[in-house]
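This report covers the salt bridges, strand pairing and nonpolar cores of the structure shown below.

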Amino acid sequence: MKRNIILITAMAISALLFTSCGNNSGKKAENSASVQRAAAEMTVDELLTKAESLADKQVEFQGVCTHTCQHGATKMFLMGSDDTKTIRVEACKLGSFDTKCVNSMVKVTGILKEQRIDEAYLQNWEAALKAANTQTHGNSEAGCDSEKLARGETADTPEGRIADFRTKIAQRKAATGKDYLSFYYVDAISYEIR
């Protein structure tokens with residue numbers, strides 16, 4: 001209790017000093033510290049909302065790990081407020097993630113990347129399917145369920161996924177003029193299980 005009174009008194013004196021001197025630099029420093037704290041405490045939801053403006057920048061965020069890739073835990077998926085707000089995190093130079101991440105809150109620092117799905121991407125995918133040299137990821141030919149969830153996919157076959165992407169690209173082009181879909185993921189620099 002005594003500590004709280006001292007802290008409140010110190011904050012009040014600091015506020016009076018900044019306002020009585022008419023010094024705006026205190027407000028700027030305070031706002032800067034607030035922005036830094038917000039970035040350090042970013043959630044998956046916030047990251048996805050701001051993703052377009054944060055692409056190719058270092059980000060720090062946290063979420064609940066719902067899955068690590070079964071092929072060496074080189075990928076993990078962090079969920080925000082619900083399972084429609086999920087982002088993939090790649091281990092990259094870290095090699096792999098600890099499987100203890102699953103069902104834990106994980107804080108990640110990394111570079112946010114954008115993957116664009118456009119017609120050329122889909123045609124290359126179709127060519128690879130015809131040549132039967134596609135690399136599988138997940139438990140079925142339809143791919144990893146966590147990856148599909150992160151992208152909002154529902155199809156059960158590669159051909160169905162391609163058709164769904166084409167439909168979504170056409171809808172986005174009609175709405176925004178952009179003829180591609182953007183999916184975001186993070187190349188991890190570090191992570192911490194909380």
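## Salt bridges

Glu114 is partly exposed, its relative accessible area being 28%. Arg116 is also partly exposed, at 43%. The side chains of Glu114 and Arg116 form a salt bridge with an N to O distance of 3.1 Å. The model is a predicted one, and its salt bridges number nine.

Another of these pairs is Arg166 with Glu126, whose closest N and O atoms are 2.9 Å apart. Arg166 is partly exposed, with a relative accessible area of 28%, and Glu126 is partly exposed at 26%. Through shared partners, salt bridges link Glu119, Glu126 and Arg166 into one network. A further salt bridge joins Arg194 to Glu192, with 3.8 Å between the closest N and O atoms; Glu192 is partly exposed at 38% relative accessibility.

## Strand pairing

Strands S2 and S5 run antiparallel and are joined by seven bridges. Within this pairing, Val59 has Gly110 in S5 as its bridge partner.

S5 also pairs with S6, again in the antiparallel sense, over 12 bridges. Here Leu112 stands opposite Val186 of S6.

## Helix H3 and its cover

Helix H3 spans residues 44-54, and its buried residues are Val44, Asp45, Leu47, Ala51 and Leu54. An α-helix has 3.6 residues a turn, so residues three or four places apart point the same way. The buried residues of H3 are covered by elements including strand S1 (42-43), strand S2 (58-68), strand S3 (75-79), strand S4 (86-90), strand S5 (105-117) and strand S6 (181-193). After H3 comes Asp56, which has a positive phi near 70 degrees.

## Nonpolar cores

The largest nonpolar core consists of 21 residues, and Phe61 and Leu78 have the most contacts inside it. At least two residues of this core come from each of H3, S2, S3, S4, S5 and S6. H3 makes the greatest contribution, with four residues.

Which residues does Phe61 contact, leaving aside its neighbours within four places in sequence? They are Met42, Thr43, Val44, Leu47, Leu78, Ile87, Val89, Val106, Lys107, Val108 and Val186.

Technical notes
Residues are numbered from 1 along each chain as its sequence is written. This is a predicted model: local features need pLDDT of at least 70, side-chain atom pairs count only at pLDDT 80 or more; totals for chains, interfaces and linings use all residues. Side-chain values use heavy atoms; hydrogens and water are left out. Buried means under 20% relative accessible area, exposed over 50%, partly exposed in between (1.4 Å probe, protein chains only). Contact means heavy atoms within 4.5 Å. A nonpolar core is a set of buried Ala, Val, Leu, Ile, Met, Phe, Trp, Tyr and Cys residues joined through side-chain atoms within 4.5 Å. Two strands pair if DSSP finds at least two bridges between them. A salt bridge is a side-chain nitrogen of Lys or Arg within 4 Å of a carboxyl oxygen of Asp or Glu.
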